[in-house]
Amino acid sequence: GGHLFPAEALAVALKARGCIVDLATDERAFRYGGSFPARATHIVPSATLKGRDPKALFKTLTVLGKGIFRAYQLYGKIRPAAVVGFGGYPTLPPMLAATLRGIPTLIHEQNGVAGRANRLLASRVTAIATGFPAIFGHDPRLAAKSVHTGNPIRPAVVAAAARPYPGPDEPFRLVVFGGSQGARIMSDIVPPALELLPVVVRSRLQVVQQARDEDLYTVEEAYKRAGIPAEVKPFFRDMPARIADASLVIGRAGASTVAELAAIGRPSILVPLPHALDQDQMANAGMLEKAGGAVRIKQAAFSPERLAAEIARLATEPGLLPKMAAGARSIGVLDAADRLAELVLRVAGRAKP
């Protein structure tokens with residue numbers, strides 16, 4: 001989903017420019033594509049390279065080979081003007097098949113450090129778009145064909161970005177979410193941390209927290225015991241509006257999360273997912289931290305005591321949170337989908353450079 005949602009934003013921008021868009025993905029990502037504005041969705045087999053077991057490696061390479069062959073056949077039928085990849089292993093077969101066909105290609109890297117699939121493709125594609133500046137700055141050849149477009153964001157995020165940061169007389173609204181791989185630790189750490197806050201801070205608190213179904217009761221009861229008003233759900237459909245309401249956000253540091261925090265301009269405490277091989281969330285959080293918009297805490301140091309101390313510091317130092325909000329907004333890109341669409345058209349040869 002994290003790879004597909006920016007692709008969806010691009011598809012909307014391309015359709016607005018009169019383009020026909022098809023989606024190629026594997027079975028795992030297919031379930032996310034129900035609202036994708038594509039003429040057709042094509043299933044292309046793919047698999048993730050894991051470990052060095054010869055049997056597993058042979059099986060993976062066989063699947064990737066089938067995917068390349070199927071995509072190669074597909075392109076012979078639909079004859080695309082350009083093929084755009086958004087990272088992850090489902091990108092590999094369609095992109096490699098496009099390079100074999102000689103079709104103009106572009107990859108988009110959403111994170112602050114390039115993922116493995118995009119690293120494999122970077123030297124082969126026509127152009128590279130990035131969510132953050134200078135991702136490929138270490139290699140002059142790749143830097144020469146890289147363009148910083150930003151990460152495409154949903155229209156709801158653009159609308160939320162128009163709202164000003166909450167004033168000092170409003171409640172202290174805390175928005176907490178962790179995504180599918182990170183909501184458990186937020187449920188374990190955040191409620192006890194808020195109980196440790198000074199009364200002057202706790203008395204102003206209003207909490208919106210995403211929690212997994214199995215954690216809902218525990219989290220709700222913790223807030224009831226502490227006397228903290230809280231709305232706890234497994235999913236919020238209006239999350240951009242919730243973020244716009246927030247005085248402070250606590251969450252993971254996926255590329256879409258960081259892009260939305262920057263676009264809307266809200267301060268955050270970010271806890272990067274620690275087990276990712278590429279450490280992409282650590283790099284993403286670092287980009288927002290460098291801009292002055294976030295506090296980055298490694299998961300090993302993420303305790304109720306540490307979190308309470310950070311929230312108390314941010315909430316009681318005059319002017320700090322609005323300054324962080326401005327820092328976050330300074331790296332936000334609201335028109336990333338349009339920038340990326342124009343780059344795709346240039347790569348396809350349909351617009352002048």
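Which residues of helix α4 (residues 92-101) are buried? The legends below, which describe a predicted model, begin with this helix.

View 1. In α4, the buried residues are Leu-92, Pro-93, Pro-94, Met-95, Ala-97 and Ala-98. Among the elements that cover them are the strands β1 (23-25), β3 and β4, together with the helices α3 (54-78) and α5 (116-121). Gly-102 follows α4 and has a positive phi, near 75°.

**View 2. The open sheet of 4 strands.** The strands are arranged in the order β3-β4-β5-β6, and their pairing is parallel. The edge positions are taken by β3 (83-85) and β6 (146-148); each has a single partner strand, so one side of each is left without a neighbour in the sheet. From one strand to the next, the twist averages 20°.

**View 3. The pairing of β3 with β4.** Strand β4 comprises residues 105-109 and runs parallel to β3, to which 3 bridges join it. Within this pair, Val-83 is placed opposite Thr-105 of β4.

**View 4. Helix α16 across the sheet.** Residues 336-348 form helix α16, which lies across β3, β4, β5 (127-130) and β6. Relative to β4, the helix runs at about 155°.

**View 5. The buried side of helix α15.** Helix α15 spans residues 320-329, and its buried residues are Leu-320, Leu-321, Met-324, Ala-325, Gly-327 and Ala-328. These residues lie on the same side of α15 because they cover an arc of only 160° around the axis.

**View 6. Lys-224 in helix α10.** Lys-224 belongs to helix α10, which is made up of residues 216-226. Is this residue buried or exposed? Lys-224 counts as exposed, because its relative accessibility is 60%, where the cut-off for exposed is over 50%. Between Lys-224 and His-148 there are 46 Å in space, C-alpha to C-alpha, and the two are 76 residues apart in sequence.

**View 7. The contact between domain 1 and domain 2.** Domain 1 consists of two segments, 3-153 and 334-349, whereas domain 2 covers 156-330. A distance of 31 Å separates the C-alpha centres of the two domains. To their contact, domain 1 contributes 15 residues and domain 2 contributes 16 residues. About 1200 Å² is buried between the domains, with 69% of this area on carbon and sulfur atoms. On the side of domain 1, the residues that lose the most area to domain 2 are Phe-132, Ile-153 and Leu-334, which together account for 42% of what that side buries.

Definitions and conventions
Residues numbered from 1 in each chain as written. Predicted model: local features only at pLDDT ≥ 70, side-chain atom pairs only at ≥ 80, totals over all residues. Heavy atoms only, no water. Buried < 20%, exposed > 50% of the residue type's maximum accessible area, 1.4 Å probe, protein only. Helix = DSSP H or I, 4+ residues; strand = E, 2+ residues; numbered from the N terminus. Arc of directions from axis to C-beta. Pairing = 2+ DSSP bridges. Axes fitted to C-alpha atoms, helices over the stretch in contact; angles between N-to-C directions. Contact = heavy atoms within 4.5 Å. Domains from an automatic or database assignment. Buried area = accessible area lost by both parts, 1.4 Å probe.
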